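This briefing concerns a single structure, which is shown below. Please keep it in view while reading the points that follow.

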Amino acid sequence: MSEIVRDTTQIPYFSQGEGKAFKVVADAQNATVGKGFIDPGQSMPAHRHPNEQIGYVLSGQCDLIVEGEKHFVKAGCTYYIPPNQWHIWANNGIERFAYIDIFTPRREDLRSGKYDPETKETEKD
């Protein structure tokens, strides 16, 4: 497989819990790029990671809550989440929320097909 061009249609998604999935579509020395979705009525619990997160919404809409501040994102929007900021994704819409994420530095958990950020339940003080 070429490291310059990659056919991502053959890469399987891995589960991030009921109605949520993600796949790494590109991986570089200093960044991880992925594609994910959240089904209607599903959410990602409060979590944080030491990576910057930059993204683009492909379809649907979602509430993004960063450090307690609620933002509304929809198809065509971009977003930025600074490192170590608690954030929640909640799809309160009627269609699947699909997005592209870019993390820097690279996300080792996602690269290995796992979703393992720090959550409120696993918080390390």
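This is a predicted model: local features need pLDDT of at least 70, side-chain atom pairs count only at pLDDT 80 or more; totals for chains, interfaces and linings use all residues.

Phe 22 and Tyr 99 are both buried.

**Aromatic rings**

- In total, the structure holds seven aromatic pairs.
- One of these pairs is formed by Phe 14 and Phe 22, whose ring centres lie 6.2 Å apart with the planes at 65 degrees; an angle over 60 degrees counts as edge-to-face, so this pair is edge-to-face.
- Phe 14, like Phe 22, is buried.
- Phe 14, Phe 22, Tyr 79, Trp 89, Phe 97 and Tyr 99 belong to one aromatic cluster.

**The nonpolar core**

- In soluble globular proteins, nonpolar side chains tend to be buried together.
- The largest nonpolar core of this model has 17 residues.
- Within this core, the members that touch the most others are Phe 22, Tyr 79, Trp 89 and Phe 97.
- At least two core residues come from each of the strands β2 (20-27), β6 (61-66), β8 (78-81) and β10 (97-104).

**The sheet**

- An open sheet is built from six strands in the order β1-β2-β3-β10-β5-β8, with antiparallel pairing.
- Its edge strands are β1 (14-15) and β8, each of which pairs on one side only.
- Strand β3 (residues 32-38) runs antiparallel to β10 and is joined to it by seven bridges; here Ile 38 stands opposite Phe 97 of β10.
- Strand β5 (residues 52-59) is likewise antiparallel to β10, with seven bridges between them; Ser 59 has Ala 98 in β10 as its bridge partner.
- Four bridges connect β5 and β8 in the antiparallel sense, and Ile 54 has Tyr 80 in β8 as its bridge partner.

**Charges over rings**

- Where does the charged end of Arg 96 sit? It is placed over the ring of Phe 37, 3.6 Å from the ring centre.
- Arg 107 lies over the face of Phe 103, at 4.8 Å from the centre of that ring.

Conventions:
Residues are numbered from 1 along each chain as its sequence is written. Side-chain values use heavy atoms; hydrogens and water are left out. A nonpolar core is a set of buried Ala, Val, Leu, Ile, Met, Phe, Trp, Tyr and Cys residues joined through side-chain atoms within 4.5 Å. Buried means under 20% relative accessible area, exposed over 50%, partly exposed in between (1.4 Å probe, protein chains only). Two strands pair if DSSP finds at least two bridges between them. Rings of Phe, Tyr and Trp (its six-membered ring) pair if their centres lie within 6.5 Å; planes under 30 degrees apart count as stacked, over 60 as edge-to-face and the rest as tilted. A charge sits over a ring if NZ of Lys or CZ of Arg is within 6 Å of the ring centre and within 35 degrees of the ring normal.
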